[in-house]
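Here's a walk through one model, from a strand pair to the pockets and the cores. Have the viewer open as you read.

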Amino acid sequence: LALGGVAFTETRWPLDVSKMADGLAVAAPEYCAAADSGELDANLGRGPVVVVGGETVLAQSKAIERFFARMLGLMGEDELSAAAVDAFTEHVRDLKEKYQRARGAGGAERERALADFYGQTLPDFLQQLEKTVAPGGHVVGGHLALADVTLYQTFTDYFDDPAKAAAAMLG
């Protein structure tokens with residue numbers, strides 16, 4: 001929305017992880033109030049939801065992402081390029097799942113798993129991913145698309161160690 005110059009208001013619910021042992025109602029009371037009020041019903045009591053004109057109209061992060069991408073002309077020029085954008089963003093989601101598995105390992109295994117992710121998994125995945133990228137400076141087609149935004153967001157805002165992610169990308 002910011003990229004498209006569309007005005008919006010974003011609501012985030014604070015979470016105090018240190019209070020999770022006391023339950024979600026204590027750790028995130030504003031979130032629980034939103035769920036209890038029915039504000040999150042469209043997404044089965046979870047966030048995110050999109051509210052337009054005071055009415056919840058859309059749920060599920062990937063559906064919301066693609067809705068706004070279509071609205072802003074970021075899903076490609078035709079159905080085939082839209083499918084290519086979709087496929088690329090799903091490839092990136094696969095990468096994020098690999099990262100979360102490494103990140104979720106416990107103890108010393110976590111350190112080894114993350115080293116393997118940044119040192120081997122990420123560079124190998126990026127070599128494969130590069131084969132799907134169109135020539136000309138954009139991931140799909142000749143103009144900015146959701147695929148470009150997804151790739152940018154992943155490498156600037158997703159990984160806990162952006163320097164290691166960048167090194168793997170340049171690598």
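Start at the strands: V49 stands opposite A59 in β2. This is a predicted model, where local features need pLDDT of at least 70 and side-chain atom pairs count only at pLDDT 80 or more, while totals for chains, interfaces and linings use all residues. Residues are numbered from 1 along each chain as its sequence is written, and side-chain values use heavy atoms, with hydrogens and water left out.

Helices (H or I, at least four residues) and strands (E, at least two) are DSSP runs, numbered from the N terminus. β1 and β2 (residues 55-59) pair antiparallel over four bridges; to count as a pair, two strands need at least two bridges in DSSP. Their hairpin has two residues between the strands, and G53 there takes a positive phi near 60°.

**Pockets**

Now for the open space. A pocket is found on a 1 Å grid over the protein atoms alone: it is an open set of points where a 1.4 Å probe fits, with protein on both sides within 12 Å along at least five of seven lines, and lining residues have an atom within 4 Å of a point. Grid points are joined across faces, edges and corners, and the volume is the space filled by probe spheres set on the points.

| Pocket | Volume | Lining residues by class |
|---|---|---|
| Largest | about 1500 Å³ | 20 nonpolar, six polar, seven charged |

Which element gives the largest share of the lining of the largest pocket? That's α3, with seven residues. The second largest pocket is lined by 16 residues, and L126, E130, L151, F155 and M169 are the closest to its centre. Its lining takes at least two residues from each of α5 (107-130), α6 and α7 (162-170).

R66 sits in helix α3 (residues 61-71). Is R66 buried or exposed? It counts as buried because its relative accessibility is 18%, and the cut-offs are under 20% for buried, over 50% for exposed and in between for partly exposed (1.4 Å probe, protein chains only). Setting aside neighbours within four places in sequence, R66 is in contact (heavy atoms within 4.5 Å) with M75, D86, T89, E90 and L146.

L146 is also one of the buried residues of α6, along with A147, D148, T150, T154 and F155. That buried set packs against α3, α4 (79-103), α5 and α7. A147 has a C-alpha 8.6 Å from that of A84, though the two are 63 residues apart in sequence. A84 lies in α4 and counts as partly exposed because its relative accessibility is 32%.

**Nonpolar cores**

A nonpolar core is a set of buried Ala, Val, Leu, Ile, Met, Phe, Trp, Tyr and Cys residues joined through side-chain atoms within 4.5 Å. The largest has 28 residues, of which V85, F117, Y118, L122 and F159 touch the most other members. Two or more of this core's residues come from each of α4, α5, α6 and α7, and α5 gives the most, with eight. Beyond four places in sequence, F159 is in contact with L95, Y99, F117, Y118, L122, T154 and A165. Apart from this core lies another, of seven residues, including A28, C32, L40 and V49.

Methods:
Nonpolar A, V, L, I, M, F, W, Y, C, P; charged D, E, K, R; others polar.
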